[in-house]
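This report walks through ring pairs, charged contacts and pockets in one protein model. Please look over the sequence and the structure before reading on.

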Amino acid sequence: MNGLKTGYLGPEGTYSSLAANKLCADSRLIAYPSFFTLFAALKSGEVGAIVLPIENTLNGAVTQNLDLLQETEDVYAKAACAVKIEHRLITATGCDKSKIKRIYSHPQALAQCAKYLALNFPQAKLLETASTAESLDKIKSEEDACIAGAHCRRNGLELSEHSISDEEKNYTQFLLVENGEPAKDAFSDRIFFTVTCRHKAGALADLLLILKENQINITEIESRPIKDKTGEFRFFMEAEGNYADSAVKSALEKLKAASHSFKLLGCYVCGLPK
């Protein structure tokens, strides 16, 4: 990765920045304000790779990034990693927490702490920010608080002693995405792709049967509505398999032939803990 520039959702201190350091320790990391600008930077050649959150163990798929991966031509995910999410409530040092009226964070973080917030701050307004790290800038008085990672430290602010996530085992899977397509001998234990079905009874079952007959185990399936086609859906699937294996490639070719559309999104070693 030497000399490679890698983009991530900034600012520095986001969970995306932690993932970028895990996936690209030798890369020059560049923060971007949104996932849209990340993809634009990748396609323009401004960066050689981008790091994307793709799924959380509590909230499921990050659907915006699924759609961007599908819509963007000639990109693929080549690596994955998991980051443990340690959400903390962050306030002005020494503040009276009963006075908190506003709590800021990324919408994913707010959702992952929904039970805690409802029980402890039922009257507070929950306000979305572009990232968890950005939410620290919103604390202007003891009426303000935010949710950010346990790694976020700043003078004048204090963190809750424990994680406030609704579940202790909270992980987000991140993908490293580059331009191009996988090498034919690219090793993986996961294949990530999308399919759409032909309009006939049992069409999805027929596609799944191809995977079964080729002894390929599906690890994830997510449906997303197809834009401008009311009532039609695209299926995002992750399956076990080594892309370098000719039998896996053959199964994918059969799947492509039987589906209405097929797109390979990536192949990588699974990032989530077992």
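## Basis of the model

Tyr116 counts as partly exposed because its relative accessibility is 21%, where buried means under 20% relative accessible area, exposed over 50% and partly exposed in between, with a 1.4 Å probe and protein chains only. The model is predicted, so local features need pLDDT of at least 70 and side-chain atom pairs count only at pLDDT 80 or more, while totals for chains, interfaces and linings use all residues. Residues are numbered from 1 along each chain as its sequence is written, and side-chain values use heavy atoms, with hydrogens and water left out.

## Aromatic pairs

Two aromatic pairs are present; rings of Phe, Tyr and Trp (its six-membered ring) pair if their centres lie within 6.5 Å, and planes under 30 degrees apart count as stacked, over 60 as edge-to-face and the rest as tilted. Tyr116 and Phe121 make a tilted pair, with 6.2 Å from centre to centre and 55° between the planes, and Phe121 is buried at a relative accessible area of 10%. The pair of Phe193 and Phe262 is stacked, because the ring centres are 5.6 Å apart and the planes stand at 25°.

Phe193 belongs to strand S12 (residues 190–196) and Phe262 to strand S15 (residues 261–268), so this pair ties together parts that are 69 residues apart in sequence; helices (H or I, at least four residues) and strands (E, at least two) are DSSP runs, numbered from the N terminus. Phe193 is buried, at 1% relative accessibility, whereas Phe262 is partly exposed, at 21%.

## Charges over rings and salt bridges

A charge sits over a ring if NZ of Lys or CZ of Arg is within 6 Å of the ring centre and within 35 degrees of the ring normal. The charged end of Lys84 is placed in this way over Tyr171, 5.2 Å from the ring centre, and that of Lys249 over Tyr243, 4.5 Å from the ring centre.

The structure also has 11 salt bridges, each a side-chain nitrogen of Lys or Arg within 4 Å of a carboxyl oxygen of Asp or Glu. Among them, Arg102 and Asp144 have their closest N and O atoms 2.6 Å apart; Arg102 is in strand S7 and Asp144 in strand S9, so the pair ties together parts that are 42 residues apart in sequence. Arg102 is partly exposed, with a relative accessible area of 23%, while Asp144 is buried, with 3%. Another salt bridge joins Arg190 to Asp189, at 4.0 Å from N to O, and salt bridges that share partners join Lys101, Arg102, Glu143 and Asp144 into one network.

## The largest pocket

The largest pocket holds about 470 Å³ of space. On a 1 Å grid over the protein atoms alone, a cavity is a set of points where a 1.4 Å probe fits but cannot get out, and a pocket is an open set with protein on both sides within 12 Å along at least five of seven lines, with lining residues having an atom within 4 Å of a point. Grid points are joined across faces, edges and corners, and a volume is the space filled by probe spheres set on the points.

Of the 16 residues that line the largest pocket, Glu181, Pro182, Tyr243, Phe262 and Leu264 lie nearest its centre. Helix H7 gives the most to this lining, with four residues.
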